[in-house]
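Thanks for coming. I will take a few minutes to walk through one model, and you can follow along on the screen.

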Amino acid sequence: LEYAICHNTISWRRLLVFGVLAPIMMGGAVELAQAYLTTCRSGDWLDAACNALGTLIGAATGCGAIYYRQHR
């Protein structure tokens, strides 16, 4: 939403990369770091999947808000 407020035109490619793909990759990286770089935490693929689902729900909500803002 902040991106849409600060820019007149929306680059959907940029929004896809930095608003969806990067957070999903970061969630996966955190789970891998927990699994392989710590002794007191464990990585879980289900956590990574839930993180990705949350990102997708947030992105869908944000896209809906952008659409509403542009068409009101």
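Predicted model: local features only at pLDDT ≥ 70, side-chain atom pairs only at ≥ 80, totals over all residues.

Residues are numbered from 1 along each chain as its sequence is written, and side-chain values use heavy atoms, with hydrogens and water left out.

Ala 4 is found in helix H1, residues 2–6. Helices here are DSSP runs of H or I with at least four residues, numbered from the N terminus. Is Ala 4 buried or exposed? Its relative accessibility is 5%, so Ala 4 counts as buried. The cut-offs are under 20% relative accessible area for buried, over 50% for exposed, and partly exposed in between, with a 1.4 Å probe and protein chains only.

What does Ala 4 touch, leaving aside neighbours within four places in sequence? The contacts are Ile 10, Ile 66 and Arg 69, where contact means heavy atoms within 4.5 Å. Tyr 67 is 63 residues from Ala 4 in sequence, and their C-alpha atoms are 9.9 Å apart.

Now the other side of that contact. Arg 69 sits in helix H3, residues 45–70. Between Arg 69 and Ala 4 there are 65 residues of sequence separation and 8.9 Å in space, C-alpha to C-alpha. Not counting residues up to four places away in sequence, Arg 69 touches Ala 4 and Ile 5. Arg 69 counts as partly exposed because its relative accessibility is 42%.

Staying in helix H3, we come to Thr 55. Thr 55 is counted as buried because its relative accessibility is 15%. Beyond residues up to four places away in sequence, Thr 55 touches Gly 19, Val 20, Pro 23 and Ile 24. Ala 22 belongs to helix H2 and is partly exposed, at a relative accessible area of 34%. Ala 22 and Thr 55 are 33 residues apart in sequence and 9.8 Å apart in space, C-alpha to C-alpha.

Gln 34 is also placed in helix H2. With a relative accessible area of 14%, Gln 34 is buried. Setting aside residues up to four places away in sequence, Gln 34 touches Arg 41, Ser 42 and Gly 43.

The largest pocket has a volume of about 260 Å³. It is lined by 14 residues, and the closest to its centre are Leu 15, Gly 19, Val 20, Ala 59 and Cys 63. H2 and H3 are the elements that give two or more residues to this lining, and H2 supplies the largest share, 7 residues. A pocket, on a 1 Å grid over the protein atoms alone, is an open set of points where a 1.4 Å probe fits, with protein on both sides within 12 Å along at least five of seven lines; lining residues have an atom within 4 Å of a point. The volume is the space filled by probe spheres set on the points, which are joined across faces, edges and corners.

Last, the surface. Leu 16 is in helix H2, residues 12–37, and counts as partly exposed at 45% relative accessibility.
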